[in-house]
Amino acid sequence: AARALPWRLFGASLLAAPEPAEVSERILSQRGIVKDDTFKAHTDGHAYGDKFPDYFLLLCAQACEEGGGNFLIDGYEILRQLQENPETRWVVSALEHRPVNQTSRLPSVTPVLLRAGERRALRCRLPGPPSAFMAQRVSEESEDPKQDAQMLEIYHQSIQKAADAAQRIYLRPGDALVVDNYRMFHGRDPYRDQRRLLWRCWLWTSASRGLPDVEEGELHSTPGNAPGEVVGDEETDEATAKRAKTKQFRRELTKSDSYFKFGRTQMNGAMENLKKVSGSELLTKIRQNGFKLTVGDITFVLAESYGFCWGVERAVAMAYEARDFFPDKNIWVTNEIIHNPSVNKQLSDKGMKFVQTNSDGSKDYSGVQEGDVVILPAFGASVDEMALFKEKNVQIVDTTCPWVSKVWTSVEKSKDKGHTAIIHGKYDHEETVATKSFAQKYLVLKNMGEAEYVADYILGNGNKEEFLSKFSKAMSEGFDPDVDLECLGVANQTTMLKGETELIGKLFERTLIKKYGPQNINEHFLSFNTICDATQERQDAMYKMFGAEYEAPESKLYADLEGEQVGIDLMTTKNAEKLSSRQMEADSKGGGEVSDEIPAKVDMVLVLGGFNSSNTAHLLEIAEDKKITAYHIDCAERIGVADGEATNRIQHKPMSTSPAQAMMDEGLEVTENFLPEGPVTIGITSGASTPDNIFGDTLKRVLAVKGLEA
């Protein structure tokens with residue numbers, strides 16, 4: 001519940017919600033914080049200095065019978081009272097302009113009151129007890145130490161007075177306290193019951209001062225640590241040992257000199273620079289016109305969700321920035337940075353080299369030399385690849401999507417528990433190849449049919465020899481279905497449909513409930529929230545363009561199990577909140593509300609994206625399923641030009657042509673006169689690896705066929 005609640009409360013505005021951290025005497029006593037002390041008023045997240053979380057939540061799991069009341073103090077009200085008193089009015093201004101030592105784990109000598117857009121971000125640290133608390137104090141570089149000391153004394157005394165008078169809040173099991181950490185100070189009274197247990201989660205929203213400058217995936221909710229370091233609150237030595245091969249390696253790699261780290265400012269600059277070369281004024285115009293635009297007798301209808309997803313855009317921006325940052329270095333890309341030939345060609349034109357694949361599918365790294373720069377693509381790289389690069393002493397630029405990294409973390413947690421990782425994906429897809437490398441035991445399932453086959457086997461219906469033959473390429477070495485399907489954790493390839501991943505997770509949870517009983521399910525099943533909605537958003541937008549809706553997959557076996565288990569709640573359902581990329585993409589591409597005057601139907605659809613992009617191919621499938629004429633092209637040049645004149649012809653990939661063929665320009669079809677005479681309404685969309693400039697160039701070509709300009 002503590003994992004799911006932040007996403008339910010804040011939705012798309014939530015930038016980060018690290019794993020919840022245990023709040024108990026067992027944990028806090030390690031920092032000198034004991035139950036017999038009053039936990040004085042404070043703000044949370046000092047490990048992150050000036051970029052402390054703007055919200056946090058406490059979820060009560062076990063209440064104490066006596067004491068332990070929480071209290072909240074309105075910091076803005078403290079400022080108001082100081083402002084109204086002529087003798088203390090000066091303090092309010094001083095708090096915003098006089099730097100002091102914040103005594104945070106990440107050193108900070110800045111004013112008590114900071115700004116986050118229109119919001120005021122207040123901080124508070126009173127002197128202990130607890131012994132771990134060090135109050136905000138005068139900076140050694142203060143220009144007026146006496147005045148700064150007086151300022152802090154008045155500020156702290158006002159807070160302590162308010163704390164003494166504040167009403168107490170007594171949380172019961174299941175209660176959640178959500179706190180504006182920029183405004184409210186909090187603390188708690190002494191208590192006696194050692195069983196008291198809460199879960200804390202620090203939250204960063206789009207209204208915060210931004211995310212801390214730490215490695216992706218290293219945010220935490222555990223006080224007392226340096227940024228990016230999590231103490232062993234929940235990990236035993238045995239669990240750590242089981243994960244050492246991959247988790248420790250990842251940690252050591254990201255902290256090594258070989259791992260190039262992008263600062264937040266540098267990353268923001270890279271994203272802005274990318275927009276200059278990959279943006280499209282025409283696409284922006286269509287968005288701002290309600291996602292439709294009529295030029296002459298051509299009406300374009302733009303899908304509400306299309307093109308670069310946030311993770312892909314981030315990866316491409318990092319690759320461009322790497323070229324600028326290492327202008328004289330040999331730069332290698334381990335695979336296509338994304339599945340888009342135009343983007344990869346642009347990187348090649350910048351002098352970047354792509355690691356070649358041998359005939360047996362392995363990669364030829366012989367050209368990569370010490371001191372070179374190696375870029376890991378958006379869908380990641382295997383542990384073996386990363387180890388090789390570390391051994392070669394190259395500079396690694398890791399563009400792996402953070403949501404792919406989140407899947408890796410989930411797979412590692414399955415390994416912690418001795419569980420087999422069930423991975424919903426394609427066993428030979430680059431992302432799944434990387435994900436498998438973080439697992440000890442795994443089984444890759446492509447679709448619902450394969451999941452039902454495995455679930456049926458778990459329930460005693462199947463042939464072991466047939467099973468091993470069916471999944472020979474999709475399981476870990478030495479996999480024994482009679483042993484390795486007893487305990488499972490479900491993860492996914494991020495480009496798979498969320499509806500199918502969710503149902504697969506629920507199917508295996510109910511299957512294990514049937515076999516082992518609901519009282520034992522926690523020993524046999526782990527539920528993770530690793531679903532990225534970017535692929536689904538694009539498909540939902542495609543259906544909406546046709547006046548239809550996505551129909552979630554069905555499973556007869558699941559329906560039967562659900563009927564048998566009425567009243568049993570699933571962990572999978574409780575953790576079903578998704579990671580949402582839509583708001584990030586809207587912020588990146590520019591706003592725009594969908595017009596109420598969108599045409600009820602389209603005459604044809606242009607689908608843009610790499611021929612080897614699976615999420616783009618799915619968009620074409622939807623159009624064909626709805627009997628809409630559709631053309632899958634990978635660049636503007638597929639729309640014919642002869643003797644410098646635009647011609648009414650299009651070269652495109654049909655569904656029957658394999659991606660490998662199409663990548664070699666084989667099996668493509670040419671349709672003459674694809675634009676009819678007279679008015680035509682064209683639906684337009686693109687896969688998650690297609691930049692806006694390619695999209696815009698394509699639309700200009702379409703208009704040119706009829707002698708039009710945007």
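**Asp634**

I looked up the side chain of Asp634 first: in this predicted model, it makes a polar contact with the side chain of Arg638 at 2.8 Å. A polar contact is a pair of N or O atoms within 3.5 Å; within protein, one must be able to donate a hydrogen and the other to accept it, and residues adjacent in sequence count only if both atoms are side-chain atoms. Asp634 sits in the loop between strand 26 (629-633) and strand 27 (639-642). Helices (H or I, at least four residues) and strands (E, at least two) are DSSP runs, numbered from the N terminus.

Is Asp634 buried or exposed? I find Asp634 buried, with a relative accessible area of 8%. Buried means under 20% relative accessible area, exposed over 50%, and partly exposed in between (1.4 Å probe, protein chains only). Leaving aside neighbours within four places in sequence, I list Pro341, Ser342, Gly609, Gly610, Phe611 and Ile694 in contact with Asp634. Contact means heavy atoms within 4.5 Å.

**Ground rules**

I note that residues are numbered from 1 along each chain as its sequence is written, and that side-chain values use heavy atoms, with hydrogens and water left out. Local features need pLDDT of at least 70 and side-chain atom pairs count only at pLDDT 80 or more, while totals for chains, interfaces and linings use all residues.

**Pro341**

I followed the contact of Asp634 back to Pro341. Pro341 belongs to helix 10 (residues 341-349). Pro341 is partly exposed, at a relative accessible area of 26%. Apart from neighbours within four places in sequence, Pro341 touches Gly610 and Asp634. I also checked Met663: its C-alpha atom is separated from that of Pro341 by 8.8 Å, with the two residues 322 apart along the chain.

**Ser613**

Where does Ser613 lie? I place Ser613 in the loop between strand 25 (604-608) and helix 22. Ser613 is buried, with a relative accessible area of 2%. The side chain of Ser613 has a polar contact of 3.2 Å with the side chain of Asn615, and another of 2.8 Å with the side chain of Thr616.

**Helix 18 and helix 22**

I then looked at helix 22 (residues 614-625) beside helix 18 (residues 534-545): the axes come within 10 Å and cross at roughly 20 degrees. Helix 18 is therefore roughly parallel to helix 22. Axes are lines fitted to C-alpha atoms, for helices over the stretch in contact, and angles run from 0 to 180 degrees between N-to-C directions. Angles under 35 degrees count as roughly parallel, over 145 as roughly antiparallel, 65 to 115 as roughly perpendicular and the rest as oblique.

From helix 18, Thr535, Arg538, Gln539, Met542 and Tyr543 make the contact, and from helix 22, Asn615, His618, Leu619, Ile622 and Ala623.

**Helix 8 and helix 24**

At what angle do helix 8 (residues 281-288) and helix 24 (residues 692-705) pack? I read about 85 degrees, with the axes 7 Å apart. Helix 8 is therefore roughly perpendicular to helix 24. Leu282, Leu283 and Ile286 of helix 8 meet Asp692, Phe695, Gly696, Leu699 and Lys700 of helix 24.

**Whole protein**

The protein has 24 helices and 30 strands. Of its 710 residues, 55% count as buried. Among contacts with a separation of 6 or more, 75% come from residues 24 or more positions apart.
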